[in-house]
Amino acid sequence: MKKFIVETYYTCTFKTVHTLDNLNDKELAKIDSRNDGKVEVIDVKLNNRKTKKLGENKKSSEKIKKTDGLLSPSISKKVTDPKNQTIIQDNHPIKLKDNARFKMPDRRKGYIQKAQIGDHKVYLHTGEYDDGKIGEIFIDTNKEGELVKAMMNNFAIAISLGLQYGVPLDEYVDAFIDTKFEPSGNVIGNDRILSASSILDYVFRELAISYLGKEELAHTPSIASSKDIANEEPDDKFLKIVKNITSKGFVRSNYEEKLVDLTDVRINLKSKN
């Protein structure tokens, strides 16, 4: 049974840095024999790979000695010295594909918000995970051409993919809030947003209010009570059931204020004879 050795050849690009007191021909003539230079590896490239039979290592060692003879002793020592700490910058890093995508459930919660910005109607569709976090959006408009509609749809798909791969909604809100382009102006149909500088400003302002609780981005105060959430008692069983079947964005996390208390209501089911 034959055994083979696979050899890989690399091309190493490095530089030697010398410090000179005086710049003249005499100092430059002695620069090759100086041992105080600092060797920095710039780049290492893979050339090719060759296969050899086992026992042919003598020729390779002779080639290494010949290449060492071309360099000065100080440089060859620093390159081959394992204690020499140099930084190798790889210009072609290996790209690893991360498949950590949290896909949306087939049957999901969410809400649809219709609003009018100027003379343009905008429909915002949202999709949520089971825990109430937003995972996708869709943006539809009525008075736009096919190009603008396609751009808005693909923009919404890009945002949805980012959310499903773990990009925080805060990053999108900070990036697209206060963007300015037409249509802009007064907003009709949204109880918390009265004006917007663009469609993107309106969309991410609405998402920030509904899913992040950023009341500073709203133009009207919240209808819900201003009690401290941290001091609330743990959710009872009924409230947990309501949270599991209700859209967090639709009720804007105000579950208790949206519920109707029927504990004191008595219904008489006796029929009159």
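Guide: Contact means heavy atoms within 4.5 Å. This is a predicted model, in which local features need pLDDT of at least 70, side-chain atom pairs count only at pLDDT 80 or more, and totals for chains, interfaces and linings use all residues. Residues are numbered from 1 along each chain as its sequence is written, and side-chain values use heavy atoms, with hydrogens and water left out.

Visitor: Which residues does Ala100 touch, not counting residues up to four places away in sequence?

Guide: Ala100 touches Gln164 and Tyr165 under that condition. Ala100 and Gly166 are 66 residues apart in sequence, with 8.4 Å between their C-alpha atoms.

Visitor: Why does Ala100 count as partly exposed?

Guide: Buried means under 20% relative accessible area, exposed over 50%, and partly exposed in between (1.4 Å probe, protein chains only). Ala100 has 36% relative accessibility, so Ala100 counts as partly exposed.

Visitor: How are two packed helices described?

Guide: They are described by the angle between their axes and the distance between the axes. The axes, lines fitted to C-alpha atoms over the stretch in contact, with angles from 0 to 180 degrees between N-to-C directions, come within 13 Å for helix α4 (residues 146-164) and helix α6 (residues 199-211) and cross at roughly 35°. The contact is made by Met152, Phe155 and Ile159 of α4 and Ile199, Leu200 and Phe204 of α6.

Notes. Helix = DSSP H or I, 4+ residues; strand = E, 2+ residues; numbered from the N terminus.
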